[in-house]
Amino acid sequence: AILGTLWLPVVLPLAAASIGYYLPRTAFRMVRLVVQIVQVVLTSAMFVHVRAFGPVRYVISGWPQGVGIALSMDRLAGILVAMAAWFFLMVLLFNMRKRYADRLFQFLYMVLQTLLIAIFLSGDLFNIYVLLELSTLVVAILIMWKRSKQSIYDGVVYIMINLASMTFMLLGVGMVYRALGTMDLELMALRVAAANEPRALILPYALV
């Protein structure tokens, strides 16, 4: 049962953001709270299941491994996803009555949660790269939200540093694909174990 719901922690915040954006501010706030509580319960249950029965993996639409978009949860991913859900609940409660938390702010907040949880569950290195790029843009907007001189400066610095670092990561991802012929993390692990020259992967690993 847990296998078929592995996509839910990713879809729930995004659905709440998309629907709530067209609701009044107070109604959106309540939708966020209900969805976030469900998210905490769901991710905590998933972590308990993975800890008891081992990792789970789900390939969207039943595509073959290495072709379709894969989601996987082991103990580490389970901890990170559950911690993210709890953290976003705490921050939500903190800014429930803040004036700056308008509908667009709440929308971006929920989208950021979707992106972070998708990163933790992603079973594909290139998907992780794309999700990191998207989350960089969302975080930069939230940093600059107050529109003060300092926040805008901080947001621009954040974007520039991340663009530079993500350039190195993209180069490393390309080198990994050239060496292993796949971006799927499970297949990568198998091919690394069977590699004749594992030292060739030191540079791309460092870049990523």
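Select Ser151 to start: this residue is buried, with a relative accessible area of 9%. Buried means under 20% relative accessible area, exposed over 50%, and partly exposed in between (1.4 Å probe, protein chains only). The model is predicted, so local features need pLDDT of at least 70 and side-chain atom pairs pLDDT 80 or more, while totals for chains, interfaces and linings use all residues. Numbering runs from 1 along each chain as its sequence is written, and side-chain values use heavy atoms, without hydrogens and water.

Next, show the cartoon. Ser151 sits in helix α6, residues 149–180. Helices (H or I, at least four residues) and strands (E, at least two) are DSSP runs, numbered from the N terminus.

Then select Ile143, Met144 and Lys146. Ser151 touches these three, leaving aside residues up to four places away in sequence. Contact here means heavy atoms within 4.5 Å.

Zoom out to the whole chain. The C-alpha atoms fill a box of roughly 60 × 45 × 25 Å along the principal axes. Of the 208 residues, 41% count as buried. Among contacts with a separation of 6 or more, 70% come from residues 24 or more positions apart.

Finally, colour by charge. There are 16 positive and 8 negative side chains, and the centres of the two sets lie 15 Å apart. Lys and Arg count as positive, Asp and Glu as negative; His and the chain ends are not counted. Each charge is placed at NZ of Lys, CZ of Arg, CG of Asp or CD of Glu.
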